[in-house]
Amino acid sequence: MKIALGIEYNGKNYHGWQKQKEVISIQEMLEKAISYIANQKIKVICAGRTDTGVHSSGQIVHFKTTSKRTEKAWTVGVNTKLPSDISVCWIKKVSDNFHARYSAISRQYQYIINNSILRSALLNDYSYHFFKPLDEKKMHYSGQCLIGEHDFTSFRSTYCQSKNPYRKILNLTVSRFKNLIIINIKANSFLQHMVRNIVGSLIEVGTNKKPKNWIQKILIKKNRRLAGMTAKSSGLNLIYVNYPINFNLINNKKPHFIL
């Protein structure tokens, strides 16, 4: 049978989602825990591979197994074998044609900037502390040109292995809640470092180093060297993955802050 799980994690202590030989990953820890409960080797497939230090409050995975276990075993049982910074939130048996990655319609990331002179001990792991004043309204306006399908070469990592640089951003908002600037970006899928590179460029606009139309110009240029810095991974969180309604997944809830 095929099972889907909702997963959340603090990515601070991990070298991203994908399993690697010499470093610890989210995938490795999760597979070990599920394999223990299933009493057989399990391989998990995720909706979106997050980078080193990136968090998720809405990751979705699936795996196949011949082991019959209760829902409590797949959730509470698996959690007893996971470190405290990784947790299974829910379980659902899914049809054979479900695929955590390829069945997804869209993914949404949230980036939090702590825009304050003083840093926060509690927010440190889940935000990027940027002490210079930022104009969130200017950042929001500037980012609207990215909505739609475009070649995002200017905002992809130089090491990105995707053969197709085109992605479709469905929504992009920049708002403020007291000292927190919250950037939400929803797209069909993302290139490596795409969100963090967009955030780094929006910060250039928010500090008035660059004009409002600068984002659009570098988008057209298709040159990563012209865009802003890659924002720190600590502020990034995969919060939501959307699937066709026929899969009836329980993760279809309103996106939320990690805190």
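Predicted model: local features only at pLDDT ≥ 70, side-chain atom pairs only at ≥ 80, totals over all residues.
Biologist: Which residue does UniProt list for "binding site"?

Modeller: The UniProt record, an unreviewed entry, lists Tyr109. Such annotations may be inferred rather than shown by experiment.

Biologist: Where is Tyr109 in the fold?

Modeller: Look at strand β5, residues 106-114. Tyr109 sits in that strand.

Biologist: Is Tyr109 buried or exposed?

Modeller: Buried means under 20% relative accessible area. Tyr109 has 9%, so Tyr109 is buried.

Biologist: Which residues does Tyr109 touch?

Modeller: Leave out residues up to four places away in sequence. Then the contacts of Tyr109 include Thr50, Phe190, Val195 and Leu238.

Biologist: Which residue is listed for "active site"?

Modeller: The UniProt record, again an unreviewed entry, gives Asp51. Find Asp51 in the loop between β2 (45-46) and β3 (55-64).

Biologist: How many residues does helix α4 have?

Modeller: An α-helix has 3.6 residues a turn, so residues three or four places apart point the same way. Helix α4 covers residues 194-206 and has 13 residues. From first C-alpha to last, α4 reaches 18 Å, close to the 18 Å expected.

Biologist: Why is α4 described as largely enclosed by the rest of the structure?

Modeller: Because 13 of its 13 residues are buried.

Biologist: What follows α4?

Modeller: Asn208 follows α4, with a positive phi near 70°.

Key
Residues numbered from 1 in each chain as written. Heavy atoms only, no water. Helix = DSSP H or I, 4+ residues; strand = E, 2+ residues; numbered from the N terminus. Buried < 20%, exposed > 50% of the residue type's maximum accessible area, 1.4 Å probe, protein only. Contact = heavy atoms within 4.5 Å. Expected span 1.5 Å × (residues − 1).
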